[in-house]
Amino acid sequence: MKIAIRIVLLAIAIGLCTWLWIYLHPTPQEAIRRQLAALAKSATLEKTEGNITAALRANEFSEFFGREVMLNMEPRVLFPDSVERSEIARIMLRLRTESRSLDVKILDPIITVGGDEKSAIVELTVNVDAEGDRHLLVQEMKFMMKEVDGNWQIIRVETVRTLNRAPRLAPPETLPAA
Amino acid sequence: MQNEPVQQTNYSWVRTITIGRNPKVTLIRVAVLVVTCTILFKYVLLPIRVDGPSMSPTYRERSVNFINRLAYRNKEPKRGDVVAVRYTGPNMMLMKRVVALPGETIEFVGGRILINGRFLDEPYLNNECDWNVKPEHSTMRDDEYYVVGDNRSMPFELHYQGGARRERILGKIVL
């Protein structure tokens, strides 16, 4: 019985050491996963947030992005081809001051790290719940990320269509006869 | 001394209820149950909660259902099947009905669906619809299924629908 207890304790100790090692030396996938969790937390807006906190959080949010971020987002008419980090902070601050509360979640990230382990493509689902409006936004996205000084930064953002080719409404004069 | 046997009996009764007559067997049963439930509800029957009106009234909001992930293991989705279409993973999915199969052409005329120029019989529909849509690319590709919700009383622009690639169809709704 004593041997069994010793084996169990040894297994627990090995497990804890492994967990601690992984925590302190994360793989690129794990580092990106943590970065995405921090990004979602930073984008989340609480009701009671003051102006100073909003400014700090907006700035913190922009730090997840590279100096210039390439965009390929739909609808194309609403989004430019690229945006600077300072502009992201400005947009985020405006959003935070105009919205009451937002709960941002990043779900099911699929992380593909490049051979150099310095770049990665992340496919993920963004879910935004607003006060009184669940699933205000559910959007599949693709991020291109790059490691800069130990931090993974987003350098390209794309929207992904979950369903293809949704038909568009036709002008009345071109409708087929019923 | 007289109270002792009574206390012993009470203790046995509580012990039997909580950990059973044989704790080792109980432990094995619990382990088997946990493993079975984990496998069943993660890889076979995925529990979901319906959120949103697009499948109303067939599936009410906040109702609970399951996705059979093995339903399309050896066969392909059929027209009329209610399926779960995944985003990037199983934490967020779309619940829609398959109306057009690969290679077929779809359009909406007066709220009814035309498949390859013939009206589709949809007995599950329960509300009025006035969608008139001239599809831009209406023919499904080889691995594509057109999916749409049952609530056609919604404005067309608000009703998320379109071609779902086969790899995105996670399974069939059970109930």
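Helix α2 of chain A has 16 residues. From its first C-alpha to its last it reaches 22 Å, close to the 22 Å expected at 1.5 Å a residue. The model is a predicted one.

Look next at which residues of this helix are hidden. The buried residues of α2(A) are P28(A), I32(A), Q35(A), L36(A), L39(A), A40(A), S42(A) and A43(A). They cover an arc of only 160° around the axis, so they sit on the same side of α2(A). An α-helix has 3.6 residues a turn, so residues three or four places apart point the same way.

The helix also carries a salt bridge. The side chains of E30(A) and R34(A) meet at 3.6 Å, N to O. These two residues are four apart in helix α2 of chain A, which means that about one helical turn separates them. E30(A) counts as partly exposed, at 27% relative accessibility. R34(A) is also partly exposed, at 30%.

Now turn to what the helix lies against. Helix α2 (residues 28-43) of chain A lies across β1 (65-72), β3, β4, β5 (133-148) and β6 (151-160) of chain A. It runs at about 165° to β3(A).

Those strands belong to a sheet. Six strands of chain A form an open sheet in the order β2-β1-β6-β5-β4-β3, with mixed pairing. At the edges are β2 (82-84) and β3 (102-113) of chain A, each of which pairs on one side only. From one strand to the next, the twist averages 25°.

β3(A) pairs with strand β4 (residues 119-130) of chain A in the antiparallel sense, over 10 bridges. Within chain A, I110(A) stands opposite E123(A) in β4(A).

Over all chains, the structure holds 18 of them. In one, the side chains of R161(A) and E74(A) meet at 3.2 Å, N to O. This pair links distant parts of the chain, 87 residues apart. R161(A) is in the segment after β6 of chain A, while E74(A) is in the loop between β1 and β2 of chain A. R161(A) is partly exposed, with a relative accessible area of 43%. E74(A) counts as partly exposed at 43%.

Another salt bridge joins R134(A) and D51(B), at 2.8 Å, N to O. This pair crosses between chains, from strand β5 of chain A to the loop between β1 (45-49) and β2 (64-68) of chain B. R134(A) is partly exposed at 38% relative accessibility, and D51(B) is partly exposed at 27%. Finally, salt bridges that share partners join D103(A), K105(A) and D129(A) into one network.

Terms used
Residues are numbered from 1 along each chain as its sequence is written. Chains are lettered from A and ligands numbered from 1 in the order in which they are written. This is a predicted model: local features need pLDDT of at least 70, side-chain atom pairs count only at pLDDT 80 or more; totals for chains, interfaces and linings use all residues. Side-chain values use heavy atoms; hydrogens and water are left out. Two strands pair if DSSP finds at least two bridges between them. Axes are lines fitted to C-alpha atoms, for helices over the stretch in contact, and angles run from 0 to 180 degrees between N-to-C directions. Contact means heavy atoms within 4.5 Å. The expected span of a helix is 1.5 Å times one less than its number of residues. Buried means under 20% relative accessible area, exposed over 50%, partly exposed in between (1.4 Å probe, protein chains only). The arc is that of the directions from the helix axis to the C-beta atoms. A salt bridge is a side-chain nitrogen of Lys or Arg within 4 Å of a carboxyl oxygen of Asp or Glu.
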